[in-house]
Amino acid sequence: MTDPAAAIRVADPGAGERMHGLIAELYPICRSISGAGVRQTLERLGTEIPLQVEEVPTGTEVFDWTVPREWNIHDAYVKDLAGERVIDFRQSNLHVLGYSVPVARRVSRAELDEHLFSLPGHRDWIPYRTSYYEEAWGFCVSERQREALTDPEYDVVIDSTLADGSLTYGECLLEGETADEVLISCHVCHPSLCNDNLSGIAVAAELARVLSEGGRRYSYRFLFIPGTIGSITWLARNQTHAATIKHGMVLTCVGDAGRSTYKRSRRGDAEVDRAAAHVLQQSGQDYEIEDFSPWGYDERQYCSPGFDLPVGCLMRTPHGRFPEYHTSADDLDLVRPEALADSLAKCLGIVGVLERNRTYVNTNPHCEPQLGKRGLYEAIGGRADRKQAQMAMLWTLNQSDGRHDLLEIATRAAMPFEPIAAAATTLCEHGLLREASP
Ligand code: ZN
């Protein structure tokens, strides 16, 4: 079985550039929790990976929620009395409050001011704001733009539609040897924001592309969904199927230069939690592991008590902890090809561990078997990492009592997962290990 996950152990600069290129292409699209921007994004992703696009009609009940009306926007601006567009959606889609209802009229400066959002701390940054569940209209502007509004009146136009339609999401299923699934989920509902939304999309798409190339023990389900309402909708439509999800990760904010952060699943000790901790620890880089909290991204839904799925969240700098978060400064410069490549390598490392992690039983458990007699020294003889290979064998033999999986053994031995997995393969070939019955 070819193992694409094991093939890439270090960040691939080519993949980093490719992912950054995809982000640059998707950057101008005005996405929201529904509408043409999400469809256009999924259409582009469909040229990279096999993607099934689902449409769920407005008004569909999904647990305690209802699929909202679909929002689309064509143009929006504020014109001064000279007829000049002083705030222009065509310059940045962040200028419009997401889900703004249509408006077209002349307003006083004071009234306009009540509908403006800006960031006092950063004079040139445009904030990102939405009003999904409350009807409103508004514009997001830089402090500098706001200060320049000195005319007594302005013409405001938001050419949007808020109407019955559907909620759109994309699903990519890569079938494996078993029906047990690994879920990879990312949100696709933010407009021109790179680290928050586009980085997760790009890494997930690249991960799907790599995994589609080779043999897989698990099936992999990639979800490209609007945040919150998208995962709630998916879970409502797949309530019984969700039990086949054995491991999962939400990918978000995976493109900035900060260290990797992994947020554990609600269970806290799920296999994916241990795999992520192991891969980050073995990376030799600085990293952070956080406990679960019912805040953040769609892990909140996957880890709600009725599902309690083993789904963690892989990030670099978490949301809200970098100043550019939810502003126009979360742009193409904030996300870096090398950080994207590093995040992809970590995903592949975690997937590689999940793919090969198993529990074995030592068939010769009374004292150590004589390795030389069985040709096992020869099996590792010429290798530069001979000492490590030998220790991996001894650890694997000692700990394989049907209760410790290879990942636990690697962690206890403070060794990378690979030599432990390789030792298990060799020991199986020599009849010294057999797989424990589940
Ligand atoms: Zn966000």
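**Exercise 1.** Determine the order in which the 3 strands of the open sheet are arranged, and how they pair.

*Solution.* Step 1: the order is 18-17-19, and the pairing is antiparallel. Strands are DSSP runs of E with at least two residues, and helices are runs of H or I with at least four, each numbered from the N terminus. Two strands count as paired if DSSP finds at least two bridges between them.

Step 2: strand 18 (401-405) and strand 19 (433-435) are the edge strands, each pairing on one side only.

Step 3: on average, neighbouring strands are turned by 35° against each other, direction ignored. Axes are lines fitted to C-alpha atoms, for helices over the stretch in contact (heavy atoms within 4.5 Å); angles run from 0 to 180 degrees between N-to-C directions.

The model is predicted: local features need pLDDT of at least 70 and side-chain atom pairs pLDDT 80 or more, while totals for chains, interfaces and linings use all residues. Residues are numbered from 1 along each chain as its sequence is written, and side-chain values use heavy atoms, without hydrogens and water.

**Exercise 2.** Describe how strand 17 and strand 18 pair, and identify the helix that lies across them.

*Solution.* Step 1: strand 17 (residues 359-362) pairs with strand 18 in the antiparallel sense over 2 bridges.

Step 2: Val 361 has Asp 401, in strand 18, as its bridge partner.

Step 3: helix 13 (residues 406-413) lies across both strands, at about 70° to strand 18.

**Exercise 3.** List the contacts of Phe 222, leaving aside neighbours within four places in sequence.

*Solution.* The contacts are Gly 170, Glu 171, Cys 172, Leu 174, Ile 184, Ala 204, Leu 207, Ala 208 and Leu 211.
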